[in-house]
Amino acid sequence: MLLALTQTLDKPMLMTISRTLSGIFFSLVFCSCGFAAEDRKDTQVVILGTGTPIPDADRTGPGVAVITNGEAYIFDAGGGMVKAAVQASQGLGIPELYPQDINYLFLTHLHSDHIHDVSELASGRWWGREQRLSIYGPAGIAEYVKNMVAMSAIEADIRAAGTPEQLVTDRLGYVANAREIEDGIVFSNDDIVVEAFTVPHGEIRPAFGYKITTRDKVIVISGDTTYSELLAEKAKGADLLIHEVYSGDRLSQQSEFWQDYHGNSHTSGAQVADIANIAQPGLVILTHIIFFGASADEIVAEVKRTYAGDVVMANDLDEF
Ligand SMILES: [Zn+2]
Ligand SMILES: [Zn+2]
């Protein structure tokens, strides 16, 4: 019966029904929507992409998904992030990651490796969107999205002209909303609070890290940054610290130019250890990995040399 029902309903309708049911469940079970211990609900984290600007067949561009109470919140949309979301929705059984049902995107900064898939996420199957994509990011994102929408309109006009109206949920479904953010709480609802804080990423200003608080988890995402004491403070006691990393051992064998460049823009394994020693998170998850020829094990070992807590190197589609 359920199978027959699901076969006759399309994806957006199923998602709406699923959200409505989960909303009713929440209302019935919890009379208040505070962050009290008794209303805790499991939050899932999926690392969609662990790569860098350097093309890598095994590592998609940066992206982290936080899924809580039937909604996915995405942090960065590097190249391939949308494909990874499809894989997660279908392969890992996380329907919230079906791209047209993703409603919230937060960007750490506007480097291309973090935004290549913004357009794909906003405009992919736009005609089936129930809610337009909201994009939160640093100064410049409004102009970027304005131009992106103008670009997408060309295709949308062509498609709309040849598509029966009843198949179009929202004629302007590709029109994403952009909000330029500053330090502080940039988004909150009953399920999640998202706080942005500035991180030092060379000359790229502003660049943000995020602290995400749900009913049952605190997650800190470094974005692209060099060593940051503020980040260590924000990550104090977090369940998950998702931090970028490069191999400091290998960078020391590179030219002075690259040592300066990466030293000012990114974080070595030893520096991740320093941050983790201050923050003492439940788990350090390494991502946006610049190997410089080192192996994954060598980079994890570099962190563990001076940090005794749990550390893992993320792979695409890892779940936490
Ligand atoms: Zn990057
Ligand atoms: Zn960057």
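Q: What makes strand E12 (residues 283-290) largely enclosed by the rest of the structure?
A: Seven of the eight residues of E12 are buried, so the strand is largely enclosed. Strands (E, at least two residues) and helices (H or I, at least four) are DSSP runs, numbered from the N terminus. The model is predicted: local features need pLDDT of at least 70, side-chain atom pairs count only at pLDDT 80 or more, and totals for chains, interfaces and linings use all residues. Residues are numbered from 1 along each chain as its sequence is written, while chains are lettered from A and ligands numbered from 1 in the order in which they are written.

Q: How do you know that strand E11 (residues 240-246) pairs with E12?
A: Pairing requires that DSSP find at least two bridges between two strands. Seven bridges join E11 to E12, and the two run parallel. Within this pairing, Leu241 has Val284 of E12 as its bridge partner.

Q: Which residue of strand E13 stands opposite Ile285?
A: Ile285 faces Val312 in E13. E12 and E13 (residues 311-313) are joined by three bridges in the parallel sense.

Q: Why is helix H10 (residues 269-279) called oblique to helix H11?
A: Their axes, lines fitted to C-alpha atoms over the stretch in contact, cross at roughly 45°, on a scale from 0 to 180 degrees between N-to-C directions. That makes H10 oblique to H11, because angles under 35 degrees count as roughly parallel, over 145 as roughly antiparallel, 65 to 115 as roughly perpendicular and the rest as oblique.

Definitions and conventions:
Buried ≥ 20, exposed ≤ 12 C-beta atoms within 10 Å, placed from the backbone.
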